[in-house]
Amino acid sequence: MTETYAQATTDREALPVELVDDAGHAIGTCPVSQAHQAPGRLHRAFSVLLFDDAGRVLLQRRAAVKTRFPSQWANTCCGHPAPGEPVAAAAAVRLAEEMGLTASFTEVGVYRYRAEDPSTGRVEFEWDHVLLGELTAGVPRPDPAEVADYAWIELGALRDAMAADPAAYTPWLAGVLELAERALTETWQR
(Lines give C-alpha, C1' and ligand atoms only; values in the text may rest on other atoms or scores of the structure.)
Protein backbone atom coordinates (compact mmCIF):
# COMPACT_ATOMS: atom_id res chain seq x y z
CA MET A 1 0.00 0.00 0.00
CA THR A 2 1.43 3.33 -0.98
CA GLU A 3 1.59 6.31 1.33
CA THR A 4 -0.61 8.28 -1.07
CA TYR A 5 -3.34 5.62 -0.95
CA ALA A 6 -3.10 5.35 2.85
CA GLN A 7 -3.53 9.13 3.05
CA ALA A 8 -6.50 9.09 0.64
CA THR A 9 -8.20 6.33 2.67
CA THR A 10 -7.65 8.23 5.91
CA ASP A 11 -8.98 11.43 4.37
CA ARG A 12 -12.15 9.70 3.04
CA GLU A 13 -12.86 8.31 6.51
CA ALA A 14 -12.54 11.83 7.96
CA LEU A 15 -15.03 13.41 5.55
CA PRO A 16 -18.33 14.54 7.08
CA VAL A 17 -21.59 12.70 6.43
CA GLU A 18 -25.10 14.00 6.99
CA LEU A 19 -26.90 12.23 9.83
CA VAL A 20 -30.65 11.82 9.29
CA ASP A 21 -33.70 10.86 11.32
CA ASP A 22 -36.10 8.02 10.50
CA ALA A 23 -37.83 10.25 7.91
CA GLY A 24 -34.58 11.21 6.16
CA HIS A 25 -34.40 14.75 7.56
CA ALA A 26 -30.92 16.10 8.33
CA ILE A 27 -30.16 16.20 12.06
CA GLY A 28 -26.40 16.71 12.21
CA THR A 29 -23.04 15.57 10.93
CA CYS A 30 -20.12 13.37 11.90
CA PRO A 31 -17.06 11.86 10.16
CA VAL A 32 -17.54 8.81 7.92
CA SER A 33 -15.50 6.66 10.32
CA GLN A 34 -17.71 7.58 13.28
CA ALA A 35 -20.96 6.93 11.38
CA HIS A 36 -19.78 3.40 10.62
CA GLN A 37 -18.67 2.43 14.15
CA ALA A 38 -21.02 -0.04 15.87
CA PRO A 39 -23.91 0.30 16.37
CA GLY A 40 -23.86 2.72 13.42
CA ARG A 41 -25.52 6.10 12.92
CA LEU A 42 -28.21 6.58 10.28
CA HIS A 43 -26.79 8.81 7.53
CA ARG A 44 -27.41 9.86 3.94
CA ALA A 45 -25.78 7.80 1.19
CA PHE A 46 -26.31 6.95 -2.46
CA SER A 47 -26.05 3.89 -4.67
CA VAL A 48 -25.68 4.21 -8.45
CA LEU A 49 -26.66 1.52 -10.94
CA LEU A 50 -25.63 2.05 -14.54
CA PHE A 51 -27.19 0.04 -17.36
CA ASP A 52 -26.03 -0.43 -20.94
CA ASP A 53 -28.28 -0.42 -23.99
CA ALA A 54 -28.65 -4.22 -23.71
CA GLY A 55 -30.16 -3.84 -20.21
CA ARG A 56 -27.13 -5.21 -18.36
CA VAL A 57 -26.08 -3.61 -15.08
CA LEU A 58 -22.49 -2.60 -14.28
CA LEU A 59 -21.20 -4.03 -11.00
CA GLN A 60 -17.94 -3.39 -9.22
CA ARG A 61 -16.01 -5.64 -6.90
CA ARG A 62 -14.91 -3.51 -3.98
CA ALA A 63 -11.16 -3.26 -3.36
CA ALA A 64 -9.72 -5.51 -0.65
CA VAL A 65 -8.63 -2.46 1.37
CA LYS A 66 -12.16 -1.06 1.78
CA THR A 67 -13.09 -0.54 5.43
CA ARG A 68 -16.57 -1.99 4.92
CA PHE A 69 -17.45 -5.13 2.96
CA PRO A 70 -14.10 -5.43 1.14
CA SER A 71 -13.81 -7.67 -1.93
CA GLN A 72 -17.58 -8.05 -2.31
CA TRP A 73 -19.55 -7.27 -5.46
CA ALA A 74 -21.70 -4.14 -5.28
CA ASN A 75 -23.61 -1.70 -7.45
CA THR A 76 -21.76 0.49 -9.97
CA CYS A 77 -20.65 2.93 -7.27
CA CYS A 78 -21.77 4.28 -3.93
CA GLY A 79 -20.83 6.95 -1.45
CA HIS A 80 -21.98 9.77 0.78
CA PRO A 81 -22.92 13.31 -0.22
CA ALA A 82 -21.37 16.03 1.91
CA PRO A 83 -23.86 17.64 4.29
CA GLY A 84 -26.24 19.74 2.19
CA GLU A 85 -24.74 18.56 -1.13
CA PRO A 86 -27.23 17.44 -3.79
CA VAL A 87 -27.19 13.64 -4.01
CA ALA A 88 -26.94 13.48 -7.83
CA ALA A 89 -23.99 15.89 -7.84
CA ALA A 90 -22.13 13.81 -5.25
CA ALA A 91 -22.92 10.64 -7.18
CA ALA A 92 -21.55 12.12 -10.41
CA VAL A 93 -18.26 12.99 -8.69
CA ARG A 94 -17.98 9.55 -7.09
CA LEU A 95 -18.77 7.76 -10.36
CA ALA A 96 -15.94 9.64 -12.04
CA GLU A 97 -13.55 8.92 -9.14
CA GLU A 98 -14.32 5.21 -8.78
CA MET A 99 -15.17 4.12 -12.33
CA GLY A 100 -13.87 6.90 -14.60
CA LEU A 101 -17.35 7.37 -16.05
CA THR A 102 -19.94 10.11 -16.52
CA ALA A 103 -23.70 9.61 -16.79
CA SER A 104 -27.00 11.28 -16.01
CA PHE A 105 -29.09 9.80 -13.19
CA THR A 106 -32.69 9.49 -12.09
CA GLU A 107 -33.41 8.91 -8.42
CA VAL A 108 -35.88 6.04 -8.04
CA GLY A 109 -36.29 5.88 -4.28
CA VAL A 110 -34.59 5.39 -0.94
CA TYR A 111 -33.49 2.10 0.54
CA ARG A 112 -32.92 2.22 4.29
CA TYR A 113 -30.79 -0.59 5.66
CA ARG A 114 -28.44 -1.60 8.43
CA ALA A 115 -25.72 -4.21 7.91
CA GLU A 116 -22.81 -5.29 10.10
CA ASP A 117 -19.57 -6.35 8.43
CA PRO A 118 -18.25 -9.32 10.42
CA SER A 119 -14.81 -9.07 8.81
CA THR A 120 -14.14 -5.44 9.84
CA GLY A 121 -16.58 -4.82 12.70
CA ARG A 122 -17.94 -1.75 10.87
CA VAL A 123 -21.62 -1.02 10.31
CA GLU A 124 -23.54 0.42 7.38
CA PHE A 125 -26.70 2.21 8.58
CA GLU A 126 -27.81 4.23 5.60
CA TRP A 127 -30.62 6.27 4.13
CA ASP A 128 -29.56 5.23 0.65
CA HIS A 129 -30.77 7.22 -2.37
CA VAL A 130 -30.88 4.84 -5.35
CA LEU A 131 -29.90 6.42 -8.68
CA LEU A 132 -30.24 4.81 -12.10
CA GLY A 133 -28.46 5.82 -15.27
CA GLU A 134 -27.60 4.57 -18.72
CA LEU A 135 -24.03 4.47 -19.93
CA THR A 136 -24.20 5.79 -23.47
CA ALA A 137 -20.48 6.43 -24.04
CA GLY A 138 -17.16 5.44 -22.54
CA VAL A 139 -15.79 2.34 -20.89
CA PRO A 140 -15.07 1.83 -17.19
CA ARG A 141 -11.61 2.91 -16.04
CA PRO A 142 -11.79 1.92 -12.38
CA ASP A 143 -9.49 3.33 -9.72
CA PRO A 144 -7.65 0.23 -8.39
CA ALA A 145 -7.57 1.75 -4.91
CA GLU A 146 -11.40 1.61 -4.92
CA VAL A 147 -12.36 -1.16 -7.35
CA ALA A 148 -10.81 -4.63 -7.71
CA ASP A 149 -12.85 -5.65 -10.77
CA TYR A 150 -16.01 -4.88 -12.70
CA ALA A 151 -18.55 -6.82 -14.75
CA TRP A 152 -21.62 -6.24 -16.90
CA ILE A 153 -24.40 -8.72 -16.06
CA GLU A 154 -28.07 -9.25 -16.92
CA LEU A 155 -30.43 -8.79 -13.98
CA GLY A 156 -31.74 -12.37 -14.08
CA ALA A 157 -28.21 -13.80 -14.09
CA LEU A 158 -27.28 -11.47 -11.23
CA ARG A 159 -30.24 -12.64 -9.13
CA ASP A 160 -29.22 -16.27 -9.76
CA ALA A 161 -25.59 -15.53 -8.82
CA MET A 162 -26.66 -13.74 -5.63
CA ALA A 163 -28.86 -16.68 -4.62
CA ALA A 164 -26.04 -19.17 -5.29
CA ASP A 165 -23.36 -17.23 -3.37
CA PRO A 166 -24.87 -14.44 -1.24
CA ALA A 167 -21.61 -13.83 0.67
CA ALA A 168 -19.96 -12.63 -2.55
CA TYR A 169 -22.30 -9.60 -2.68
CA THR A 170 -22.76 -6.58 -0.42
CA PRO A 171 -25.80 -6.78 1.84
CA TRP A 172 -27.38 -3.66 0.33
CA LEU A 173 -27.26 -4.82 -3.29
CA ALA A 174 -30.50 -6.85 -3.14
CA GLY A 175 -32.50 -3.90 -1.79
CA VAL A 176 -30.98 -1.48 -4.29
CA LEU A 177 -31.81 -3.89 -7.13
CA GLU A 178 -35.38 -4.27 -5.89
CA LEU A 179 -35.95 -0.50 -6.12
CA ALA A 180 -34.29 -0.39 -9.53
CA GLU A 181 -36.33 -3.27 -10.93
CA ARG A 182 -39.56 -1.73 -9.65
CA ALA A 183 -38.69 1.57 -11.34
CA LEU A 184 -37.70 -0.16 -14.58
CA THR A 185 -40.95 -2.18 -14.60
CA GLU A 186 -43.00 1.02 -14.12
CA THR A 187 -41.11 2.67 -16.99
CA TRP A 188 -41.72 -0.31 -19.30
CA GLN A 189 -45.46 -0.35 -18.45
CA ARG A 190 -45.98 3.24 -19.63
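Here a residue counts as buried when its relative accessible area is under 20%, as exposed when that area is over 50%, and as partly exposed in between (1.4 Å probe, protein chains only). The structure is a predicted model, in which local features need pLDDT of at least 70 and side-chain atom pairs count only at pLDDT 80 or more, while totals for chains, interfaces and linings use all residues. Residues are numbered from 1 along each chain as its sequence is written, and side-chain values use heavy atoms, with hydrogens and water left out.

Confidence comes as pLDDT, the predictor's confidence in each residue, from 0 to 100. The protein chain has a mean pLDDT of 91, and 93% of its residues reach 70 or more. Helices (H or I, at least four residues) and strands (E, at least two) are DSSP runs, numbered from the N terminus. Among these elements, helix α1 (residues 3-14) has the lowest confidence, a mean of 56, and β5 the highest, at 98. Over residues 1-10 the pLDDT stays under 50, and the model has three contacts beyond four places in sequence for that stretch; a contact means heavy atoms within 4.5 Å.

Back to serine 71: this residue lies in the loop between β4 and β5 and has a positive phi of about 65 degrees although it is not a glycine. Phenylalanine 69 is found in the loop between β4 and β5 too, and its phi is also positive, about 50 degrees, again without being a glycine. Phenylalanine 69 counts as buried, at 4% relative accessibility. Another backbone detail is the cis peptide bond joining alanine 38 and proline 39, with omega about 10 degrees. Proline 39 sits in the loop between α2 (32-35) and β3.

Next, the helices. The buried residues of α3 are Val87, Ala90, Ala91, Arg94, Leu95, Glu98 and Met99. They cover an arc of only 135 degrees around the axis, so they sit on the same side of α3; the arc is that of the directions from the helix axis to the C-beta atoms. After α3 comes glycine 100, with a positive phi near 65 degrees. In helix α4 (residues 155-164), the buried residues are Leu155, Leu158 and Met162. Their arc is only 55 degrees around the axis, which puts them on the same side of α4. Asp160, Ala163 and Ala164 are exposed on the other side of α4.

What about the nonpolar cores? A nonpolar core is a set of buried Ala, Val, Leu, Ile, Met, Phe, Trp, Tyr and Cys residues joined through side-chain atoms within 4.5 Å. The largest one has 25 residues, of which Leu49, Leu132 and Tyr169 touch the most other members. Two or more residues each come from β3 (43-51), β4 (57-62), β5 (73-74), β7 (106-116), β8 (123-134), α4 and α5 (173-189). The largest share, seven residues, is from α5. Leaving out residues up to four places away in sequence, leucine 132 touches Leu49, Phe51, Ser104, Phe105, Thr106, Val108, Ala180, Ala183 and Leu184. A second, separate core of 15 residues includes Phe46, Val48, Leu50 and Val147.

Phenylalanine 46 has its place in strand β3 and counts as buried, at 1% relative accessibility. Beyond four places in sequence, phenylalanine 46 touches residues including Cys77, Cys78, Val87, Ala90, Ala91 and Arg94. Glutamate 124, in strand β8, is buried as well, at 4% relative accessibility. Among its contacts beyond four places in sequence are His36, Arg68, Phe69 and Trp172. Glutamate 124 and tryptophan 172 are 48 residues apart in sequence and 9.0 Å apart in space, C-alpha to C-alpha.

Finally, the cysteines. A disulfide is taken as a pair of cysteine sulfur atoms within 2.5 Å, and a search of the whole structure finds zero of them. The sulfur of cysteine 77 is 6.7 Å from the closest cysteine sulfur, in cysteine 78, too far for a bond. Cysteine 77 counts as buried, at 0% relative accessibility, and cysteine 78 does too, at 15%.
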